[in-house]
Amino acid sequence: MDNDDLIAAMAGGDESALRELFSRHAPWLAVRLRAVLPPADVEDVLQETFLAAWRGAAAYRGESAGGWLWGIARRQAALWLRRRGQPELLLPALAETGDRHAADPADAVLDKAELADAVEVLGPEGSLQRETWRLMYVEDKSVAEVAEVMGVPAGTVKSRAHQIRRLMRAALRRSEPVRDGGGR
């Protein structure tokens, strides 16, 4: 079964589908969660992630299963940290671009500056795109929550989110250092 079939089976109450989805995706989710959570909390957040996936499987609409699960994991991590009074621990994850991880504090500062520059392409603070970005990616609200707050249909939020991701990717690509092909 592919991931979409597993999620559909989960929506129908198939526990073996949940176990299979967990075995496929828990390892890489754990790696990504370790970047934003204290190590002792990763397993708990993984459990919460797959419990939320189980409960929300019926709402899955065939988007990327990995992206869907990572979105759930991010929300669960944010909730976990907020309950413990540590929401600031998620900020480094927002500064990461791609699979780059800044080991050097100077690199982390540069990453944050690049992110701040990229956010500028969304327009001035308070603009529709900037507000959508803030609600979805900083406050980690769901599409439905953003739609309610902004008073627009969920489809409008999804469309804006797609455009935001496209603009941000382009802006972040422009800020990547140019690497020459020669080796040393």
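A: Arg 169 lies in helix H9, which spans residues 154–175; helices (H or I, at least four residues) and strands (E, at least two) are DSSP runs numbered from the N terminus. The model is predicted, so local features need pLDDT of at least 70 and side-chain atom pairs pLDDT 80 or more, while totals for chains, interfaces and linings use all residues. Residues are numbered from 1 along each chain as its sequence is written, and side-chain values use heavy atoms, without hydrogens or water.

Arg 169 has a relative accessible area of 41% and is therefore partly exposed (buried is under 20%, exposed over 50%, partly exposed in between; 1.4 Å probe, protein chains only). Together with Arg 165, Arg 166 and Arg 173, Arg 169 forms a positive surface patch. Such patches join residues with over 30% relative accessible area and no salt bridge, like charges within 9 Å and nonpolar side chains (Val, Leu, Ile, Met, Phe, Trp, Tyr) within 5 Å.

Helix H9 also contains Arg 160. In contrast to the partly exposed Arg 169, Arg 160 is buried, and it has no salt bridge. The nearest side chain of opposite charge to Arg 160 is that of Glu 131, 9.5 Å away. Leaving aside residues up to four places away in sequence, Arg 160 touches Leu 128, Thr 132, Met 150 and Val 152 (contact: heavy atoms within 4.5 Å).

Glu 131 does have a partner: Arg 134 forms a salt bridge with Glu 131, the closest N and O atoms being 2.3 Å apart (Lys or Arg side-chain nitrogen within 4 Å of an Asp or Glu carboxyl oxygen). The two residues are three apart in helix H7, and so about one helical turn separates them. An α-helix has 3.6 residues a turn, so residues three or four places apart point the same way. Both partners are partly exposed, Arg 134 at 29% relative accessible area and Glu 131 at 22%.

Helix H7 covers residues 128–138, and its buried residues are Gln 129, Arg 130, Thr 132, Trp 133, Leu 135, Met 136 and Tyr 137. One of these, Arg 130, has a relative accessibility of 14%. The side chains of Arg 130 and Glu 120 meet in a salt bridge, with 3.7 Å from N to O. Because Glu 120 belongs to helix H6 (residues 105–120) and Arg 130 to helix H7, this pair ties together parts that are 10 residues apart in sequence. After H7 comes Asp 140, with a positive phi near 60°.

The structure holds three salt bridges. One of them links Arg 24 with Glu 20, whose closest N and O atoms are 2.9 Å apart. These residues are four apart in helix H2 (residues 15–34), so about one helical turn lies between them. Arg 24 is partly exposed at 33% relative accessibility, and Glu 20 is partly exposed at 32%.

Negative charge also gathers in a surface patch, formed by Asp 2, Asp 4, Asp 5 and Glu 63. Within this group, Asp 5 is found in helix H1 (residues 3–11) and is partly exposed, with 40% relative accessibility.

As for the setting of these side chains, the protein has nine helices and zero strands. Of its 184 residues, 34% count as buried. Among contacts with a separation of 6 or more, 56% involve residues 24 or more positions apart.

Methods
Accessible areas come from the Shrake-Rupley method with a 1.4 Å probe; for residues, only the protein chains shown count as cover. Lys and Arg count as positive and Asp and Glu as negative; His and the chain ends are not counted. The place of a charge is taken as NZ of Lys, CZ of Arg, CG of Asp or CD of Glu.
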